[in-house]
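Subject: Structure handover

Hi,

Here is the structure I promised to pass on. My notes on it follow below.

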Amino acid sequence: MKKYFIELREIFSIAFQAIRANTLRSVLTTLGIIIGIVAVTTMSTAIVGLREAFMNSISSLGSDVLYVDKFPWFAMDRWEQFRNRKDITLEQYEKLKAVLKNYEAMAPTKRTFSASVKRKDRSVQAALVIGTTEEYQRTSQLVLDEGRFLNELEVKSGRRVCIIGKDIQKELFPSENPINKEIRINNVPIRVIGILEKQGSGFLGAFSMDGQIIIPLKTFESIIGEARNRMRIDIKVGDVTKLEDAKEEIRAAMRIIRKVPPDKPDDFAINQQEAFKQMYDQTIGVIALAGIVITALSLFVGAIGIMNIMFVSVTERTKEIGIRKAVGAKTWSILLQFLVEAAIICMIGGTIGLMISYPLSLIINQFLPTSLPLSIVILSLLISGFVGIVSGFIPAWKASRLDPVESLRYE
């Protein structure tokens, strides 16, 4: 065992000496590997970062929440097919709530970005005003920082009360507590009864989740208008394993409520968080495929370069190989020596690639979310080593098969 360890240590020593003797050539040889590792690492950090940001963005939707709507999500190419459908109504919501069994909470919602939101001489641009009921806090998983949420009496009577997000508080109440103070929505005074915890950006930073104002549905319809905004029904099932059963129950009930004939397709949609995940996976799949092609080409070019250099190295060191064989070096020892040398050159290229990728990912992070987990670093180094072994195998095989007598005759 000790003999093999000494042999292995000698192999690594010779490999490092050969690389140091041709430092410039070794570095230039790694360019293809460097480009490939930079490509695969940068792509992976962007994809991982985007996925983390994406999952955080859609977490407010809830994995156990279903959304009954007039339109399916992500069906803009079939807009004409759905635009003539009848809107979901409050009456339909009430009938669905009366017959549905498998759910924890249900809330009708209407929303608009077009309302005017002011307080004294201060105003908020593009605030999201949501009209709903007391159960919306459970369907949307909202957490209050101060005050309280809507109650059943306020919802039924259409009281002029609201819950605001942190951005609304910051803009309209920069130096005072908003609780029990008034804001104006479309010039109608509304009393603040609660403040939501900070939630951050919405879908991939497209909008702020802290810019929302929640009011009773009747209040919304009286201030904003009853017919201007379509209704959606949010249903929290409470158990992800029962999601499909609940979905089928909702579909059957809504077909009866909306009087859809048995031979006709649904004239409504039941949306869920999974639709966003599928859309994301399809989009990222295309990006990842393009990245894999670019990476593969770069690594292939790098592998060809490594192979050529190793062939040159074998030719230059034929006499050295002959001497080593003449003094008893085994075939596997020569083979392993050149494989180790090729792998080390590629690992150096991979390390340089990672050193370039890290600051590059920090720059990209200013525009898109990125993440560089340890698994990507390890994977990049493993890919580098694998490329080195594959590209160095044929030259190493040739070196190990050289005849020692013929090698010593080489000048």
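To start with the cysteines, the count comes to zero disulfides (a disulfide being a pair of cysteine sulfur atoms within 2.5 Å). Cys162 is buried, at 0% relative accessibility, where buried means under 20% relative accessible area with a 1.4 Å probe, protein chains only. Cys346 also has a relative accessible area of 0% and is buried.

A word on the basis: this is a predicted model, in which local features need pLDDT of at least 70 and side-chain atom pairs count only at pLDDT 80 or more, while totals for chains, interfaces and linings use all residues. Residues are numbered from 1 along each chain as its sequence is written, and side-chain values use heavy atoms, leaving out hydrogens and water.

Leaving aside neighbours within four places in sequence, Ile213 is in contact (heavy atoms within 4.5 Å) with residues including Val117, Leu128, Cys162, Ile164, Ile183 and Ile185.

Elsewhere, Thr41 sits in helix α3, residues 31-58 (helices are DSSP runs of H or I, at least four residues; strands are runs of E, at least two). Thr41 counts as buried because its relative accessibility is 1%. A polar atom of the Thr41 side chain lies 2.6 Å from the backbone oxygen of Ile37. Beyond its neighbours within four places in sequence, Thr41 is in contact with Leu354, Ser357, Leu372, Ile376 and Ser380.

Best wishes

Terms used:
Buried means under 20% relative accessible area, exposed over 50%, partly exposed in between (1.4 Å probe, protein chains only). A polar contact is a pair of N or O atoms within 3.5 Å; within protein, one must be able to donate a hydrogen and the other to accept it, and residues adjacent in sequence count only if both atoms are side-chain atoms.
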